[in-house]
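Hello,

Here is the structure I promised to pass on to you. Have a look at it first, and then read on for what I found in it.

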Amino acid sequence: MAERTTSDIARETLKQLALRRLAPTPEHYQAVYAEIAGVPAASLGFPEGQLRAIMRVLPAQTPPQIRLLEQFGAAVHRQDWTALQSVLVGYANLGLQAAGTALPPPEPAPLQVLPNDLAEQIARLLDSLRTILSEDDARVHDMALEITQLLRTNHPPSSTLTLLLANFSYRLSFSAEELQAIRLGLLTLLHLVFENISALSPNDDWLRGQAEALMAAATPPLSLRRLDDVQRRLKDVIFKQTEARARSNEAQEQMKELLATFIERLTSICSTSDQFHLTLERCADQIGQASRLEDITPVLQEVMNATRAMALDSRIAHEELQTLRERAEEKRAEISRLQEELDQASALARHDPLTGALNRKGLDEAMEREIARARRLGSPLCVALLDIDNFKALNDRLGHASGDAALQHLTEVTRSVMRPQDMLARYGGEEFVLVLPDTTQAQGVQAMQRLQRELTTRFFLQNNEKLLITFSAGVAELGPTESSTDAIRRADQGMYLAKRAGKNRVVPA
């Protein structure tokens with residue numbers, strides 16, 4: 001025989017009170033309840049748990065019943081036997097009034113319970129939910145814990161669970177809104193910090209490129225894989241930029257030293273030249289005043305010595321200046337090369353490291369540039385959004401490394417059929433965006449279909465297995481006043497319709 005629950009014992013207790021024509025006092029109820037439960041009456045104390053179980057099964061369809069149920073709950077909370085007696089008398093009076101009618105009393109509705117396996121799954125869901133909820137809202141944690149404990153009892157009543165879950169979901173909605181607001185606020189603060197770094201470094205391409213990459217990383221939608229890719233790329237960029245920056249600073253310091261030496265040597269030459277001229281003037285005066293040849297001979301000797309010293313100093317200065325000039329040219333070339341390395345490192349911040357296609361930041365810049373050009377010239381501009389079909393199944397079966405190789409394969413094939421002016425960007429995960437200048441929507445659809453045909457001729461080879469990579473795409477032509485975001489959104493809707501229609505299709509949006 002199955003073990004009777006507290007609710008079954010409570011119903012049987014009320015039934016026995018009516019059959020035995022006993023007054024529904026707390027003492028009578030406690031005695032009959034102990035008799036049916038098979039426990040000593042003295043061991044029950046105040047049966048708060050049993051009384052709350054009774055609350056869950058008491059009828060509450062009519063206003064009098066609802067009022068009595070509320071009084072019952074208040075009496076249990078205060079552990080007030082007198083108030084409980086009044087409530088039970090009230091329920092008994094309601095029963096007597098119903099007995100005077102011709103209609104028989106309705107049968108009590110059977111207690112609906114939740115299957116234990118379903119209850120356990122819901123309990124696990126709540127356990128996982130509690131780990132991600134904010135610790136600041138203690139009430140929502142307590143509610144989740146209370147529901148979890150009830151779910152893990154044997155056959156929990158569904159009516160009670162419905163009430164508790166309704167209250168919990170209502171409270172949870174506020175907590176979720178708060179978490180979303182906090183998340184968006186933090187992302188906004190990060191964007192402000194990165195924008196400030198970029199604004200304070202207008203002439204430092206390497207620092208501005210790094211700030212723009214961080215802004216792209218902090219743009220929703222976020223994913224762990226995307227953040228991991230950006231983190232690895234930024235570490236590589238930062239290392240290259242730091243190394244190149246240090247060498248550039250060193251070369252600039254050496255250039256400053258060369259210039260200082262050059263100026264010092266020029267000053268020395270000027271000083272020597274002034275002394276030489278003074279010597280010549282003094283010797284000329286002595287020659288003009290001499291009356292004998294013997295007086296002129298030592299003066300000429302001094303002139304010859306001064307001229308010889310001047311020539312020697314000039315030759316040495318020429319050689320030193322030539323050496324300085326060659327070293328300055330070398331440093332200038334090194335600075336130019338290092339600056340080019342910095343520019344190349346900054347360019348990495350606008351490209352996806354796996355496929356080499358533009359990232360979201362690079363796509364935004366390209367779209368802004370092409371939209372301005374299209375409106376200036378009055379030419380059409382199309383965007384196509386494509387998504388690889390069954391990519392998750394490929395990842396699950398062959399692993400993430402094979403998934404990455406499939407993305408690279410699609411990128412290579414796409415580049416082989418693209419025009420030089422077309423641009424490819426990785427939009428996120430297995431989604432790509434093609435920017436097609438001077439292209440109408442019909443021409444864009446044809447371009448995507450050509451790419452699909454090309455993929456059917458170039459299989460993706462992985463682990464000696466040939467795989468056919470297909471994609472679904474939507475194509476949108478930019479409207480006269482439409483933004484890039486709206487055009488890409490329309491293309492995304494077309495891609496979704498292509499998926500619904502059976503995949504490997506191109507739908508104009």
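Thr 414 is buried, with a relative accessible area of 1%. Please keep in mind that this is a predicted model. The cut-off for calling a residue buried is under 20% relative accessible area, so Thr 414, at 1%, falls within that class.

Where does Thr 414 sit? You will find Thr 414 in helix 14, which covers residues 400-417. The side chain of Thr 414 reaches back to the backbone oxygen of Leu 410, at 2.7 Å.

Helix 15 spans residues 441-457, and the two helices pack at an angle of about 125° with their axes 10 Å apart. That angle makes helix 14 oblique to helix 15, and their crossing is right-handed.

Two other helix pairs are worth a look while you have the model open.

Helix 6 (residues 116-132) and helix 7 (residues 138-151) have axes that come within 9 Å and cross at roughly 160°. Helix 6 and helix 7 are therefore roughly antiparallel to each other, and the crossing is left-handed. From helix 6, Ala 119, Ile 122, Ala 123, Leu 126, Asp 127 and Arg 130 meet His 141, Ala 144, Leu 145, Ile 147, Thr 148 and Leu 151 of helix 7. By class, this contact comprises eight nonpolar, two polar and two charged residues.

What is the angle between helix 3 and helix 4? Helix 3 (residues 48-57) packs against helix 4 (residues 63-78) at about 170°, and their axes are 10 Å apart. Helix 3 and helix 4 are therefore roughly antiparallel. Helix 3 contributes Glu 48, Leu 51, Arg 52, Ile 54 and Met 55, which meet Leu 69, Phe 72, Gly 73, Val 76 and His 77 in helix 4. Here the classes come to six nonpolar, two polar and two charged residues.

Key
Residues numbered from 1 in each chain as written. Predicted model: local features only at pLDDT ≥ 70, side-chain atom pairs only at ≥ 80, totals over all residues. Heavy atoms only, no water. Helix = DSSP H or I, 4+ residues; strand = E, 2+ residues; numbered from the N terminus. Buried < 20%, exposed > 50% of the residue type's maximum accessible area, 1.4 Å probe, protein only. Polar contact = N/O pair within 3.5 Å; in protein donor to acceptor, adjacent residues only side chain to side chain. Axes fitted to C-alpha atoms, helices over the stretch in contact; angles between N-to-C directions. Parallel < 35°, antiparallel > 145°, perpendicular 65-115°, else oblique. Left-handed = near helix turned anticlockwise from the far one by under 90°. Contact = heavy atoms within 4.5 Å. Nonpolar A, V, L, I, M, F, W, Y, C, P; charged D, E, K, R; others polar.
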